[in-house]
Amino acid sequence: MGAPTELLRPLATTVIGSWPVPEWLARLKTDWFRGRISHRQMQDVHETAIKAALRDQEQCGIDLVSDGELRRDNDVDYVLARMPGVEIAHTAKDFYFDYYAPQVTAPLPEPAGPGPLGLADDWAFTAAQTDRPITFSLTGPFSLAHRIRGNGYGERRELVLAVARQLNAEARALAARGATRLQLDEPFLAGHPGEVDVAVEAINLVTEGVDVSWGLHVCYGNRYARPSWEGHYDFLFPAVLEAAVDHLVLEFARKGFDDLPVVARYGWDRGVGVGVIDVKSPRVETPELVASRIRRALEFVPAERLVVNPDCGLRHLSGDVARAKLAAMVAGADLVRASLGPAQPAPAPHPSAPPAPAPEPALSQGAVT
Amino acid sequence: MLVDFRPHTRLRGSRPVDIGATVVPVLEALSDSPVDLGKVRVVADWVQYRENFRGVVDLRPILHVPAARGPAGTVPVPMGTREDDLEIAVDVRRSADVPLRELAAERLRERSDHVVLEDWGRGSESCIWDFNALYWSALELWEKASGQGYEQALPGGESDARNTDAARELVDELFAVWDRLAEARALPEELYVVELGVGNGGQAKVFLDTFRERDRDRGTGYYRRLHYLMCDYSQHVLDLARETVSEHLDHVSAFALDAVRPLTALGFLQFKVFLVYVSNVYDNLPTDEVAHLGGRTYCVETRAYLPAEAAAELAAELSAGVDELPGLVHKLLRLGPGLLPEAVPQHVPDVDRAVAFWRRTWEALRLEERYVPLAGLDTYALSDPTVRNGDAAETSLGGELLGPLLQSGADLRMHVSNGAVTSFVESLKLLHPYGTLVCHDLFVTEVEGYRTHFRGPGKYDGSVVNWVNGPLLAHVGRRHGFDIRYERFRHRSGGNIVTMSAQVGD
């Protein structure tokens with residue numbers, strides 16, 4: 001596990017990673033894949049969109065922001081297309097969000113040094129645009145490997161571990177550049193509950209020697225705003241107790257909170273990111289509903305270990321719905337926080353945001369894990 | 001001038017259509033007219049439906065600016081497009097029986113004495129869909145007057161939905177999924193199956209009988225947990241269907257709903273349904289048509305009318321003036337034949353006469369068409385635009401999705417299948433992650449199919465039929481994470497029915 005570096009207040013709010021893709025951006029991203037606009041133009045568009053997404057999050061009052069994954073065509077291809085040894089026969093796409101059919105016909109080359117995927121530049125750009133702490137997300141080795149056809153290995157486990165070694169090299173580059181909070185997203189894991197041991201082994205390879213705060217997000221899928229799997233989180237335990245991560249970031253708003261006792265029953269004593277916003281529904285939750293969900297979570301996890309977030313990425317929601325949901329989420333967290341006792345510090349305000357509340361004592365996120 | 005003769009199979013064979021005889025008289029009429037020959041298109045189609053909404057020769061104005069500018073303000077005209085003024089459409093099937101040159105010349109003189117029933121609007125907004133809805137809601141009266149059940153009006157005389165082999169295959173596939181989930185302790189207690197457009201319950205009965213039998217043989221107890229939801233627009237149809245499945249009523253619920261919006265009644269089942277079964281429904285839902293002509297995209301606007309001769313006869317039968325006809329037709333559509341005699345007893349003294357008025361009007365009904373430029377695909381709402389409710393935003397799809405299909409470089413006119421797309425997207429939201437949607441219908445499976453054949457609208461007795469835009473549904477399905485497959489209906493040879501299946505992609 002990495003060394004925590006940011007000071008977070010209890011019930012800090014964050015997003016899982018992705019941000020809504022406006023229709024104009026969708027069209028431009030598709031135009032890029034059809035060769036109609038240049039790489040430099042697309043870079044400029046992405047950077048403009050990321051800046052806007054950061055402002056949106058700041059104005060909603062989100063404590064830990066993300067780049068919205070707006071440079072990515074989807075949760076898999078952006079990483080796999082950069083991974084040495086991964087072959088993609090057809091790189092044309094009807095729409096940017098379509099998926100490639102990547103394959104591996106020979107073992108992946110061992111990373112020659114840090115940063116084989118070039119994501120540290122993405123992080124650095126984001127960091128230069130905001131004063132708030134950033135969570136930078138990566139699709140995890142288990143899910144990435146499951147999107148690869150063929151295989152250059154005798155067993156899939158070997159492929160998963162090879163992908164993990166690439167991600168570890170990337171994580172080292174990210175940490176060296178200044179990243180302090182990294183998150184691995186494993187949307188495929190719930191569909192293969194019998195393989196959780198391999199997934200944890202691979203996650204530990206990714207996090208090895210990378211001194212940051214690590215989150216592990218396990219949901220039931222959010223591909224095109226629908227679940228890919230169904231079941232219960234009990235499959236994660238006890239294997240996930242061995243995962244070298246600081247936070248387990250889970251989906252509850254859509255599924256309900258019946259699985260939450262599982263987390264406590266198995267003795268998970270680290271942070272929990274609790275999903276309180278259903279990202280598969282455009283209906284905006286009320287602050288009171290969010291507060292009730294947080295309070296339900298507090299029955300099992302103390303406030304100091306709880307981070308408040310949507311169930312998954314916001315990519316498939318419209319911008320106005322996403323902003324309204326996040327505003328409700330922040331307001332709901334405020335309601336609960338106000339009932340917890342002495343007030344806690346708010347994040348630094350954005351110049352255009354409403355006046356901030358009075359300063360409050362801060363808590364080290366690491367001190368309570 | 002551009003002549004577009006759609007290459008139907010009737011151009012070849014032992015008794016081929018004489019292309020010259022079909023087109024030359026129209027060209028002669030054009031050359032005699034003052035129409036700018038550099039800005040006219042001639043389109044010849046084999047209109048497959050004997051009952052349809054077209055004249056033998058139709059004129060379709062091609063507008064150069066959108067009818068209403070709307071919020072987009074001034075709309076720039078793309079450079080390098082070909083801007084025709086007029087399209088002349090010929091129904092090849094019927095053109096041999098008429099003096100084509102004279103008919104075309106008459107149309108070109110453009111002094112129409114049609115009785116217009118509505119303003120110009122998108123195809124999905126036309127009153128033909130009110131007639132369609134009336135047919136299903138007052139089906140009992142129509143069937144009594146026609147002396148035959150609606151299934152007899154279908155081309156094959158019955159629906160393919162009753163095929164036992166198809167039912168067995170469906171059931172076995174469901175059981176295979178459930179077995180795997182049960183093994184992983186992920187099978188929910190309640191097992192939901194939804195059928196949209198239940199017809200007379202024949203399919204439901206075959207499915208339920210097969211299901212019970214297979215379950216009994218395997219001893220898996222799935223029948224005990226099964227909830228079969230029969231859904232249909234028509235309460236009359238649902239009542240019939242309930243009688244048909246009377247042996248299974250403990251496991252069956254009936255919902256009267258509009259197939260376009262299944263979530264309105266079934267929202268509580270989101271992500272819970274293992275099978276959504278749809279048979280011969282999508283071809284009967286409202287649709288627009290769009291066209292890409294000369295490098296520019298158009299919406300095909302329509303307006304319903306009654307030809308002058310038919311209108312005069314109808315008015316005489318009702319003891320009414322011709323100018324009163326539009327009002328009477330709209331009263332019929334609003335009140336139905338059951339209540340119309342109470343509203344206008346001086347014209348329609350009893351229900352039988354009201355039904356006769358309805359049937360006669362439907363028979364005479366035609367559609368005028370015109371092409372209106374779209375300001376941009378993103379300004380066009382793809383989801384069924386006739387439905388407005390609080391949840392509309394949930395299934396609002398932008399017209400950008402049409403881009404890959406329309407912008408292939410060649411001229412094309414195709415259905416948007418708005419109602420089918422909306423219904424399809426809502427149905428996908430019902431599906432459990434391991435669920436399947438199975439749909440038997442008239443699908444165009446390749447875009448090219450719209451360049452070669454007339455795809456509707458046609459008339460089945462009192463209802464409307466349009467072939468469904470399969471490539472569009474496949475595209476929309478992919479956008480929602482589903483693999484979409486089309487194949488010929490496997491359990492009966494011949495016929496045009498195609499099976500579409502949708503399952504969550506890997």
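Mentor: Let's begin with a term: a salt bridge is a side-chain nitrogen of Lys or Arg within 4 Å of a carboxyl oxygen of Asp or Glu. This is a predicted model, where local features need pLDDT of at least 70, side-chain atom pairs count only at pLDDT 80 or more, and totals for chains, interfaces and linings use all residues. Residues are numbered from 1 along each chain as its sequence is written, chains are lettered from A in the order in which they are written, and side-chain values use heavy atoms, leaving out hydrogens and water.

Trainee: Which residue of chain B meets the side chain of A:Arg27 in a salt bridge?

Mentor: Chain A and chain B have 3 salt bridges between them. In one of these, the N to O distance is 2.7 Å, and the partner of A:Arg27 is B:Glu400.

Trainee: How many residues does the contact take from chain B?

Mentor: Contact here means heavy atoms within 4.5 Å. Chain A gives 24 residues to it, and chain B gives 25 residues.

Trainee: Is A:Asp77 buried or exposed?

Mentor: Buried means under 20% relative accessible area, exposed over 50%, and partly exposed in between (1.4 Å probe, protein chains only). Because its relative accessibility is 1%, A:Asp77 counts as buried.

Trainee: Which side chain makes a polar contact with the side chain of A:Asp77?

Mentor: A polar contact is a pair of N or O atoms within 3.5 Å; within protein, one must be able to donate a hydrogen and the other to accept it, and residues adjacent in sequence count only if both atoms are side-chain atoms. Beyond its neighbours within four places in sequence, A:Asp77 is in contact with A:Lys93, A:Asp98, A:Tyr99 and A:Tyr100. The polar contact, at 2.8 Å, is with the side chain of A:Lys93.
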